[in-house]
Amino acid sequence: MRYWITNVKVNTAVDPAEQELDILVENGKIAALGKYDSGEKRDGEGLHVFPGLVDAHCHLGLEGWGMRYEGLDINEKNECITPELNAADGFNPFDETVRHALEGGVTSVGTGPGSANVLGGTFMAVKTYGTRVDDMIIRNKVAMKCAFGENPKFLHQTSGVSTRMTNAAKLREMLFKAQEYLRKQEAAENDASKRPDFNYKLEALLPVIRGEMPLKAHAHQANDIFTSIRIAKEFGVKLTLEHCTEGHLIAEQLAKENFPIAAGPTFTHASKVELQNKTFATPGILHKAGCRVSIITDSPVIPQEQLGLVAGLAVRAGMDPFAALQAITINPARHLGIENRVGSIEPGKDADLIFCTGSILDSMTQVRRVIVNGQTVVIKI
């Protein structure tokens with residue numbers, strides 16, 4: 001399939017300027033940006049076009065719509081250490097929240113288990129359009145979720161975790177065991193008799209130990225943020241900082257550390273002590289300090305389809321508008337390691353496009369059309 005999209009105002013998310021360009025879509029990809037020359041033409045009706053939005057951190061498809069208890073597939077409550085869990089095994093493409101995300105212009109997300117387990121399992125990057133998760137996955141196992149602070153202490157206070165020190169010690173123990181497991185595997189080479197007994201939890205951690213995927217650290221308070229950094233450095237593993245609620249208090253130090261940050265969710269009540277310093281100014285302060293920031297919903301905490309709204313609220317609190325746009329497009333794509341596919345309107349990338357009546361950062365803007373992989377999947381009059 002080959003066609004040109006004409007009569008649109010294009011926001012590429014890599015160029016600050018909105019441009020009147022035509023977009024050539026071919027075989028589900030963006031083939032070129034320029035001016036229509038020949039072939040099928042599709043009128044964009046003067047709408048503003050943005051890349052499909054990307055959320056670097058949510059639990060979309062893992063907590064059922066209207067099923068708070070029956071459909072909750074986020075945290076395994078029977079164990080506090082479950083690195084072997086895989087988001088793809090819990091994701092429900094038919095859940096209403098997935099459709100809501102798509103209709104709101106969020107076409108790619110990082111979703112997975114864990115917010116209250118020391119190790120919660122692996123996140124995946126997935127499109128929000130489809131009926132079978134295997135066909136929707138952009139990249140499986142993009143990160144290993146770990147958590148610090150109040151959530152693990154609350155959920156597992158009677159089963160092994162009641163202090164921040166215990167939480168950190170249990171994570172260190174598992175990383176150390178995984179290092180030793182890998183060392184023994186490598187020392188055994190092809191001699192099966194010398195290989196360590198198979199351990200599913202440790203096998204799941206090997207991509208982290210090898211540097212193939214990062215720890216995705218749930219951390220709100222400044223002290224928890226620094227503990228996650230301390231542990232990552234001790235074991236020489238990659239790290240992304242998730243939530244980072246008190247990041248504005250330590251912005252200069254975080255800029256020097258240079259770990260990717262996914263900030264949010266902010267459009268909520270400060271329901272825990274560790275959220276008492278929550279502010280919409282955090283993403284802007286982190287960006288100005290030199291951090292690479294994504295803005296997240298942590299859906300279902302904030303409905304997935306409101307990703308553009310929360311980025312707009314960050315702008316109202318002082319964030320540069322283009323930086324806010326990048327925080328819900330190309331930055332989260334980089335955060336998840338899928339920037340070669342999504343996050344901006346550039347030749348060679350997936351044709352994931354949203355057509356809006358105005359800026360996606362404006363709360364009055366309506367998403368009129370959504371294209372995923374070159375296919376029109378949402379049309380609103």
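Me: Which residues does Asn 331 touch, not counting those up to four places away in sequence?
Reply: Asn 331 touches Arg 292, Val 293, Ser 294 and Gln 326, where contact means heavy atoms within 4.5 Å. This is a predicted model, so local features need pLDDT of at least 70 and side-chain atom pairs count only at pLDDT 80 or more, while totals for chains, interfaces and linings use all residues. Residues are numbered from 1 along each chain as its sequence is written, and side-chain values use heavy atoms, with hydrogens and water left out.

Me: Is Asn 331 buried or exposed?
Reply: Buried, because its relative accessibility is 9% (buried is under 20% relative accessible area, exposed over 50%, partly exposed in between, with a 1.4 Å probe and protein chains only).

Me: And where is Asn 331 found?
Reply: In helix H11, residues 330-336. Helices (H or I, at least four residues) and strands (E, at least two) are DSSP runs, numbered from the N terminus.

Me: Switching to the sheet: in what order do the six strands come?
Reply: The open sheet runs E3-E2-E7-E16-E17-E18, with mixed pairing; strands pair if DSSP finds at least two bridges between them. E3 (19-20) and E18 (375-379) are at the edges with a single partner strand each, so one side of each has no neighbour in the sheet.

Me: How does E2 pair with E3?
Reply: E2 (residues 9-10) pairs with E3 in the antiparallel sense, over two bridges. Val 10 stands opposite Gln 19 in E3.
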